Amino acid sequence: MFRLIPRETKFFDLFAELSSSLTEGAKLLRSILDDPRELEKRVKQMQDIEHRGDKATHAIIMKLNQTFITPFDREDIHRLASSLDDVLDYMNAAAVRLVMYKITQPPPVSAELAGIIVLQSEELAQGVSLLEKNGSVMKHCDEVNRLEDEADHVSRKAIAELFEKEKDPIQIIKLKELYEDLEYATDKAEDAANVLEAIVLKSA
């Protein structure tokens with residue numbers, strides 16, 4: 001049906017840009033945790049990606065304030081942008097913590113958690129790309145939620161082993177906070193998937 005006032009499609013381009021930063025950041029974080037050589041330089045790269053994500057998020061909010069007819073609910077646009085940005089924020093926090101706490105040999109489980117974040121980010125990017133086409137978004141949301149459950153299990157086990165095996169209380173604090181940042185990132189990815197799901201259900 002012809003619309004007298006067309007819906008603004010620029011939002012989809014901005015969300016694609018934000019999703020791209022998310023996936024790029026997740027892959028870099030996994031790479032850093034797998035092999036932390038040149039740590040400060042690569043963490044700076046992570047911060048640059050996070051800043052790029054912030055700019056895309058800000059552009060979405062600015063566009064929201066300037067647009068009369070939006071492709072879906074204004075509140076959902078805001079929530080989706082914020083939740084995707086939150087994932088990037090926690091990924092960046094985990095990377096910065098490596099430098100701040102001088103964690104030069106991250107435990108392998110931290111890279112495992114980052115690998116889950118990579119998979120979640122890829123699913124979110126695919127889900128976001130299908131919004132404009134009214135594609136099969138739900139299966140990607142379901143997979144993000146399944147991966148969050150997996151991350152919870154991995155994180156709980158890692159923290160239990162940390163308290164059982166690590167004798168240095170300072171090291172326990174450092175690694176526990178690293179694990180928590182990574183788990184928070186998976187939680188925020190689930191939040192983003194829930195917003196995507198809500199958008200699809202409202203438009204059904």
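**Note on helix packing, core and loop residues**

1. In this predicted model, helix H4 meets H6 through Val109, Ser110, Leu113, Ile116, Ile117, Gln120, Leu124, Gly127, Val128 and Leu131. On the H6 side the partners are Leu178, Tyr179, Leu182, Ala185, Thr186, Ala189, Glu190, Ala192, Ala193, Leu196, Ile199 and Val200. By class, the residues of this contact are 17 nonpolar, four polar and one charged.

2. How do the two helices pack? The crossing of H4 past H6 is left-handed.

3. The largest nonpolar core has 63 residues. Those with the most contacts inside this core are Phe15, Leu29, Leu80, Leu84, Met91 and Leu124. Two or more residues each come from H1, H2, H3, H4, H5 (138-165) and H6. H6 gives the largest share, twelve residues.

4. Leucine 124 belongs to both pictures: it is one of the H4 residues that meet H6, and it is among the core residues with the most contacts. Leaving aside residues up to four places away in sequence, leucine 124 touches Leu22, Leu84, Val144, Ala189, Ala192, Ala193 and Leu196. Among these, Ala189, Ala192, Ala193 and Leu196 are also listed on the H6 side of the H4 contact.

5. Arginine 52 lies in helix H2. Its relative accessible area is 34%, so it counts as partly exposed. Which residues does arginine 52 touch, not counting those up to four places away in sequence? They are Ser21 and Glu24. Arginine 52 and leucine 22 are 30 residues apart in sequence, with a C-alpha to C-alpha distance of 9.7 Å.

6. Two backbone angles deserve a look. Most residues other than glycine have a negative phi. Glutamate 38, not a glycine, has a positive phi of about 50°. This residue sits in the loop between H1 (10-34) and H2 (39-66). With 54% relative accessibility, glutamate 38 counts as exposed, because the cut-off for that class is over 50%.

7. Lysine 102 also has a positive phi, near 55°. Its place is the loop between H3 (74-100) and H4 (108-131). Is lysine 102 buried or exposed? At a relative accessible area of 67%, lysine 102 is exposed.

Technical notes
Residues are numbered from 1 along each chain as its sequence is written. This is a predicted model: local features need pLDDT of at least 70, side-chain atom pairs count only at pLDDT 80 or more; totals for chains, interfaces and linings use all residues. Side-chain values use heavy atoms; hydrogens and water are left out. Helices (H or I, at least four residues) and strands (E, at least two) are DSSP runs, numbered from the N terminus. Buried means under 20% relative accessible area, exposed over 50%, partly exposed in between (1.4 Å probe, protein chains only). A crossing is left-handed if the near helix is turned anticlockwise from the far one by less than a right angle, and right-handed if clockwise. Contact means heavy atoms within 4.5 Å. Ala, Val, Leu, Ile, Met, Phe, Trp, Tyr, Cys and Pro count as nonpolar, Asp, Glu, Lys and Arg as charged, and the others, Gly among them, as polar. A nonpolar core is a set of buried Ala, Val, Leu, Ile, Met, Phe, Trp, Tyr and Cys residues joined through side-chain atoms within 4.5 Å.
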